[in-house]
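Please read it alongside the sequence and the coordinates.

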Amino acid sequence: MGTRTDELAAYYAKKYPLTFTDDFSKTDPSLTERYKEAWQVATRAAAILKERYGAQKVVAFGSLVDRSRFTRWSDVDLAAWGIPYDRFYAAVGAVTGLSEKFKVDLVDPEDCRESLHRAIESEGVEL
């Protein structure tokens, strides 16, 4: 094996083929099913946040809204507007326990880093 960049890339692509293919994540049936399940969890979580905790708006963001970034390790990222401050952690507990397969992260977009807030606003999908 040489040390040129293209030779190294070819070596690692052969050694770790699943890491270097874009099509695998789109064609793997188990990953496609996992992606659908993640959306089901997100939808259930949004309903709970609105009905029980008064959320006015719930948005999914992160790898869930970009199929090309979704992997077998992806979680469910949600942002919710309008949950009263004193009920927010109860809401976190309610959605965190929805699924054994997925970690569910809930953020308050009014009380998070500016860069995260911008990402939620730009890529988020309202539920």
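Does S122 count as buried or exposed? At 63% relative accessibility, S122 counts as exposed; the cut-offs are under 20% relative accessible area for buried, over 50% for exposed and in between for partly exposed, with a 1.4 Å probe and protein chains only.

This is a predicted model, in which local features need pLDDT of at least 70, side-chain atom pairs count only at pLDDT 80 or more, and totals for chains, interfaces and linings use all residues. Residues are numbered from 1 along each chain as its sequence is written, and side-chain values use heavy atoms, with hydrogens and water left out.

S122 belongs to helix α5, residues 114-123. Helices (H or I, at least four residues) and strands (E, at least two) are DSSP runs numbered from the N terminus. Although S122 and F61 are 61 residues apart in sequence, their C-alpha atoms lie 9.1 Å apart in space.

A nonpolar core is here a set of buried Ala, Val, Leu, Ile, Met, Phe, Trp, Tyr and Cys residues joined through side-chain atoms within 4.5 Å. The largest one has 25 residues, and L49, L64, V76, L78, I83 and L106 touch the most other members. At least two residues of this core come from each of α3 (29-53), β1 (57-61), β2, α4 (88-96) and β3 (104-107). The largest share is that of α3, with ten residues. A second, separate core has seven residues, including V59, A79, W81 and L116.

Contact means heavy atoms within 4.5 Å. Leaving aside neighbours within four places in sequence, V76 is in contact with A38, V41, A42, L64, F102, K103, V104 and D105.

Helices α3 and α4 pack at an angle of about 145°, and their axes are 10 Å apart. Axes are lines fitted to C-alpha atoms, for helices over the stretch in contact, and angles run from 0 to 180 degrees between N-to-C directions. Where the two helices meet, A45, I48, L49 and Y53 are on the α3 side and A90, A91, A94 and V95 on the α4 side.

**Charged side chains**

Side chains of opposite charge can pair when their charged atoms come close. The structure holds five salt bridges, a salt bridge being a side-chain nitrogen of Lys or Arg within 4 Å of a carboxyl oxygen of Asp or Glu.

K101 is exposed, at 51% relative accessible area.

D66, R69 and E123 are linked in a network of salt bridges. R69 is partly exposed, with a relative accessible area of 40%; E123 at 26% and D66 at 25% count as partly exposed too. E123 is in helix α5 and R69 in the loop between β1 and β2, 54 residues apart.

D77 sits in strand β2, residues 76-81. Not counting residues up to four places away in sequence, D77 touches V59, A60, F61, G62 and D105.
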